[in-house]
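Let's take a walk through the charged pairs in this model. Have the sequence and the 3D view open as you read.

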Amino acid sequence: MTQAIPPGMTAVTPHLVCRNAAAAIEFYKQAFGAVDCARLPAPDGRLMHALITIGGAAVMLVDEFPEQGCQGPLALGGSAVTLHLYVADVDATVAQAVAAGATVTMPVADMFWGDRYGRLTDPFGHHWSVATHKQDLTPEQITEGFKAACGGQ
């Protein structure tokens, strides 16, 4: 019997529109250790569909097709979405992503919720938060940490 959600996929899967999706795949391989799983080119060479995995999680990509209303963050002037990536070593991953062409938008730092965390924008306009979970905290500890981070308010 066919499964409603294919093997290797989850109910929610990011699907990124990129200006030059093939270049984006190469960036994600260099920056985040992505694995290139599938590519389906259109007759004109643009990617109609591509699939990579990052840390075992599926991410779909497509080239811009403005004639079909399919545009990426560079064409739209930004993105309201952030992809969150948990990794074993956030400092090393952020440095690797920067070396591959990402821009740091928030330097890596220890956060009140127990993660070491930073934010990036990739060369294709997509926002990423990257973190390593350092300690398990209770909701009360997180609330106290938040108050302390906000000047006691």
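Buried here means under 20% relative accessible area, exposed means over 50%, and partly exposed is in between (1.4 Å probe, protein chains only). On that scale, E26 is partly exposed at 34% relative accessibility, and K29 is too, at 32%.

Before going further, some housekeeping: this is a predicted model, where local features need pLDDT of at least 70, side-chain atom pairs count only at pLDDT 80 or more, and totals for chains, interfaces and linings use all residues. Residues are numbered from 1 along each chain as its sequence is written, and side-chain values use heavy atoms, with hydrogens and water left out.

Back to our pair. K29 and E26 form a salt bridge, N to O 3.3 Å (a side-chain nitrogen of Lys or Arg within 4 Å of a carboxyl oxygen of Asp or Glu). Both sit in helix 1 (residues 21-32), three residues apart, so about one helical turn separates them. Helices are DSSP runs of H or I, at least four residues, numbered from the N terminus.

Next, look at D36 and R39, whose side chains meet in a salt bridge at 2.6 Å, N to O. D36 is partly exposed at 28%, and R39 likewise at 35%.

Now jump to helix 4 (residues 139-149), where E144 and K147 lie three residues apart, about one turn. Their side chains pair in a salt bridge of 3.8 Å, N to O. E144 is partly exposed at 48%, as is K147 at 34%.

How many salt bridges are there by this rule? The count is nine.

How values were computed:
Helix = DSSP H or I, 4+ residues; strand = E, 2+ residues; numbered from the N terminus.
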